[in-house]
Amino acid sequence: MPEEHAATPFLEELTAEVARLSALVVEQSAVIKQQAERIAELEARLGKDSHNSSKPPSSDPPFRKPPPRSQRKASGRKPGGQKGHKGATRTLVDEPDRVVVMALEGACSCGRCRSQIEVELLAKRR
């Protein structure tokens, strides 16, 4: 029976240590839960910008690249009329039916009347 007396204090120490560690685990679980909620809140705040909240555009981070505006793909062709396409342009006539002169008002930078300058230019063309 002397062995029983020696094992009892050891067993009591182990039981006390298990109880202390269990309390520590419960305490740490509560802290982890609070931290997880805080992390979720901060990640939600990080994901917000002027496009998906009421924040002003000036609060958008400078390193974030804006989304592309157009989803169109390049066709590989050069801009403008393509080779082989027949153009449709109105031809100029040598003798127009009528000529309308739209007189400008005000003075030129040189001080002369603009409408007088136009009349002189038209006279030179004829």
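How many helices and strands are there in the chain? The chain has 2 helices and 0 strands, helices being DSSP runs of H or I with at least four residues and strands being E runs of at least two, both numbered from the N terminus. This is a predicted model, in which local features need pLDDT of at least 70 and side-chain atom pairs count only at pLDDT 80 or more, whereas totals for chains, interfaces and linings use all residues. Residues are numbered from 1 along each chain as its sequence is written, and side-chain values use heavy atoms, with hydrogens and water left out.

**Figure 1. Overview of the chain and its accessible surface.** The accessible surface of the chain is about 12,800 Å², as computed by the Shrake-Rupley method with a 1.4 Å probe, where for residues only the protein chains shown count as cover. Carbon and sulfur atoms contribute 57% of this surface. Of the 126 residues, 2% are buried (buried means under 20% relative accessible area, exposed over 50%, and partly exposed in between, with a 1.4 Å probe and protein chains only).

**Figure 2. The salt bridge between Glu17 and Arg20.** The structure holds 2 salt bridges, each defined as a side-chain nitrogen of Lys or Arg within 4 Å of a carboxyl oxygen of Asp or Glu. In the pair shown here, the closest N and O atoms of Glu17 and Arg20 are 2.6 Å apart. Glu17 and Arg20 are 3 residues apart in helix H1 (residues 2-46), and therefore separated by about one helical turn. Glu17 is partly exposed at 35% relative accessibility, and Arg20 is partly exposed at 47%.

**Figure 3. The salt bridge between Arg38 and Glu41.** Here the N to O distance between the side chains is 3.2 Å. Arg38 and Glu41 also lie in helix H1, 3 residues apart, which places about one helical turn between them. Glu41 is partly exposed, with a relative accessible area of 41%, and Arg38 is likewise partly exposed, at 41%.

**Figure 4. Asp49 in the loop between H1 and H2.** Helix H2, at the other end of this loop, comprises residues 114-125. Asp49 has a relative accessible area of 12% and therefore counts as buried. Not counting residues up to four places away in sequence, Asp49 touches Lys55, Asp60 and Arg64, a contact being heavy atoms within 4.5 Å.

**Figure 5. Ser50 in the loop between H1 and H2.** Ser50 is buried, its relative accessible area being 18%. With residues up to four places away in sequence left out, Ser50 touches Lys55, Pro56, Pro57 and Asp60.
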